[in-house]
Structure formats: C-alpha cells, structure tokens
Amino acid sequence: MKLLTLSIIISLVSFNCGSKSAASTQTQPQKIATFNLITEKQFDDLFPHRNRFYTYAAFMKAVKELSQVTVKVDRRSVSVYQYTRADKTTGKATIVRQDENWNEDWVKKQGDSVYTVDYGNFCTEKDALTNKKELAAFFANVAHETRFGENGKHDDGLIFIHEKDTSNAYLAPNDAYPAVAGKKYYGRGPIQLSYNGNYGKASDFIFGNKKVLLNNPKLIETDPVVAFETAIWFWMTPDTRKPSAHDVMIGKWQPNATDKAKGRTPGFGMTINIINGEVECNKGDNMVSMNDRIDYYQYFLKQLGASDPNCACSCGKMEAYHY
C-alpha cells in the first residue's frame with residue numbers, strides 16, 4: 001500500500017498536535033460488538049503458507065483491542081484537525097491531536113466537518129453476508145500485499161512482513177507527523193503501511209500517541225498484533241479525500257457527482273482504488289495486480305461461504321485519487 005456518533009463533552013484547550021497535555025473527559029462505557037466470522041482452522045486454511053509471524057491469535061487480539069476504540073475526527077478549514085480518542089471500556093476520551101491553529105478565528109469561520117470511526121464495526125456492522133464480504137475483501141487485499149507472487153494461486157498470502165526493497169525510506173513533508181531522523185517508513189505489515197504520515201496518524205489512533213510508531217516503525221514488523229492493527233486501522237479510517245474501504249464494502253459510501261464522473265462506484269474495485277489506485281486503477285481491465293486482488297476476493301468469498309454476484313470488482317475505469 002503506497003499510499004455512528006460518539007457523544008463526548010470536551011473541554012477544549014489549545015496545544016500543539018501530539019502534546020502530552022491532552023484534555024480528557026469521562027463518558028459511559030459502551031457495548032463492544034463481537035467479531036466471530038472465522039475460526040483458527042479457517043484462518044490457517046486461508047493462509048496455509050503464511051509466515052509464522054501472522055497468527056490467528058494475533059489477528060483476533062488486534063480485532064479485540066481495536067474494537068475498544070473510537071476516534072472522533074473534527075476538521076476545520078481544509079486540513080486543521082482535532083482527534084478525540086475514546087476507550088469504550090472505560091469511557092475515557094482524550095484529545096490526542098489538536099493542531100496549533102485550531103482555535104484561531106480564521107479557522108473557526110471555515111466551519112466544522114465531524115465524523116467518528118468506531119473500530120468495533122470491523123466486519124460486524126451489518127448482516128452476516130455483508131460482514132463476510134467485507135472480511136473477504138480485507139483478506140484479499142492483505143493477501144495480495146504480502147503474497148510471494150505466484151499468480152493464479154491463493155495459498156501464498158501473509159508471507160512478507162515488510163516489502164522486499166527496504167532501501168527507500170518513504171519520507172514526505174508532514175507538519176503533524178514529521179519523520180524521525182534515521183528512521184525508515186517503508187511498507188510493513190499486512191497492508192504494507194508506508195510513509196511517516198500514515199505511521200504517525202495510525203499511531204495516534206491506535207495508541208493515542210503519534211510517537212510510538214514514528215519513533216519505532218519496526219514495531220510493525222516485530223509485534224504481530226500491532227501489524228494487524230495497522231491494517232485494520234487503514235481499512236477502517238477515511239482520508240480527507242477518500243472514503244474508508246469499510247464504508248465502501250458495507251454500502252455506507254455512495255459516490256457523489258464528482259465520483260461518478262470519475263467512474264468510482266461502490267464495490268470491491270473501490271477498495272483497490274483506496275489502497276493503491278494510482279498504480280492499479282484506470283489502466284483497463286487487464287491490469288495484472290488488480291486482477292490478482294479480484295481473484296483473491298472471489299476465492300475468499302467462496303471459502304467463507306459467501307458470494308457477491310453483482311460485484312463491481314474492477315477499478316480499470318476508475319480515476320485514482322491524487323494528492
């Protein structure tokens with residue numbers, strides 16, 4: 001990868017993003033949905049040659065730990081953010097990011113855009129069939145990202161812990177999540193999380209502290225639970241310009257006029273666009289890597305006892321998101 005309301009009363013304070021003096025408040029603990037779509041045997045059957053790093057126990061622990069987290073995202077202007085991370089089990093909510101110009105008048109006048117990501121909704125939000133389709137789509141993408149490369153087979157997913165070529169540091173200017181000197185942010189984990197911006201944002205959401213993964217990016221390739229958590233984080237979290245793969249697969253996301261004009265439609269193909277659109281989409285229906293993801297999706301659907309007969313699986317005519 002190269003690239004729903006939580007009611008919280010927050011006492012707003014002004015501090016730089018990532019400050020340790022984050023404001024906290026207390027709400028009532030919330031009920032957590034139960035993920036029970038796959039057994040250990042099914043997991044092992046889906047990934048028979050997987051690296052021993054990627055265990056069923058680690059996957060299930062990642063699902064469970066993240067299911068306890070919600071993050072409320074407030075945006076003012078184009079890119080001024082406040083993130084409020086809440087623990088469902090305790091009811092504690094903490095502002096983990098508030099950009100330094102959050103309370104300036106010119107920013108306030110731009111209005112607010114607010115949404116909440118509930119990580120407990122991973123493959124649990126809808127009916128059984130929809131949830132299985134989402135899990136199949138998630139597994140299809142992570143299998144492709146980590147496969148050994150034997151096209152036409154479906155038994156070689158979850159093999160690579162990090163990308164083969166680790167010479168590229170994947171650094172990009174980012175005021176909120178600056179790269180740490182000497183650290184590399186190449187693709188790691190099931191979704192091959194890349195770039196310091198993604199590492200820092202994922203760290204804010206997962207741990208409530210951007211420094212955890214910015215300072216120690218190798219944690220994703222040494223702790224399998226964290227590795228799976230970063231994949232689920234990416235899957236569940238919308239970006240400024242594009243929806244989450246989760247919202248696409250459950251039918252929550254619907255294309256606006258701009259999306260329609262660019263050929264973006266609900267279905268598995270949109271998940272490819274979200275994850276690696278600039279490389280694989282809008283290049284016709286014969287794109288090898290795109291079709292590999294589609295083949296995996298169809299295979300995992302069958303193994304999970306589900307189907308998607310009206311699948312809009314291809315992104316061959318979808319325009320990618322550009323930054």
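The model is a predicted one, so local features were taken at pLDDT of at least 70 and side-chain atom pairs only at pLDDT 80 or more, while totals for chains, interfaces and linings use all residues. Residues are numbered from 1 along each chain as its sequence is written, and side-chain values rest on heavy atoms, with hydrogens and water left out.

Of its 8 residues, 7 are buried, so the rest of the structure largely encloses β3. Buried here means under 20% relative accessible area, with exposed set at over 50% and partly exposed in between (1.4 Å probe, protein chains only).

On one side, β3 pairs with β2, residues 69-76, through 8 bridges, and the two run antiparallel. Pairing calls for at least two DSSP bridges between the strands. Within this pair, D74 has Q82 of β3 as its bridge partner. The β2 and β3 hairpin leaves 3 residues between the strands, and S77 takes a positive phi near 60° there.

β3 also runs antiparallel to β4, residues 92-98, this time with 5 bridges. Here Y83 sits opposite R97 of β4. The hairpin of β3 and β4 has 4 residues between its strands, and G91 in the turn shows a positive phi of about 80°.

Turning to the cysteines, the structure has 2 disulfides, each being a pair of cysteine sulfur atoms within 2.5 Å. One of them links C281 to C315, with the sulfur atoms 2.2 Å apart. The link of C281 and C315 is left-handed, at -85° about the S-S bond. C281 lies in the loop between α11 (268-280) and α12 (288-303), and C315 in the segment after α12, so the pair ties together parts 34 residues apart in sequence. Both ends are tucked away: C281 is buried at 3% relative accessible area, and C315 is buried at 0% relative accessibility.

The other disulfide joins C311 to C313, S to S 1.8 Å. This link of C311 and C313 is right-handed, with 115° about the S-S bond, and both cysteines are buried. Counting bonded cysteines along the chain, the disulfides follow the pattern 1-4, 2-3. C123, by contrast, is in no disulfide, and the nearest cysteine sulfur, that of C311, lies 16 Å away. C123 counts as buried too, at 2% relative accessibility.
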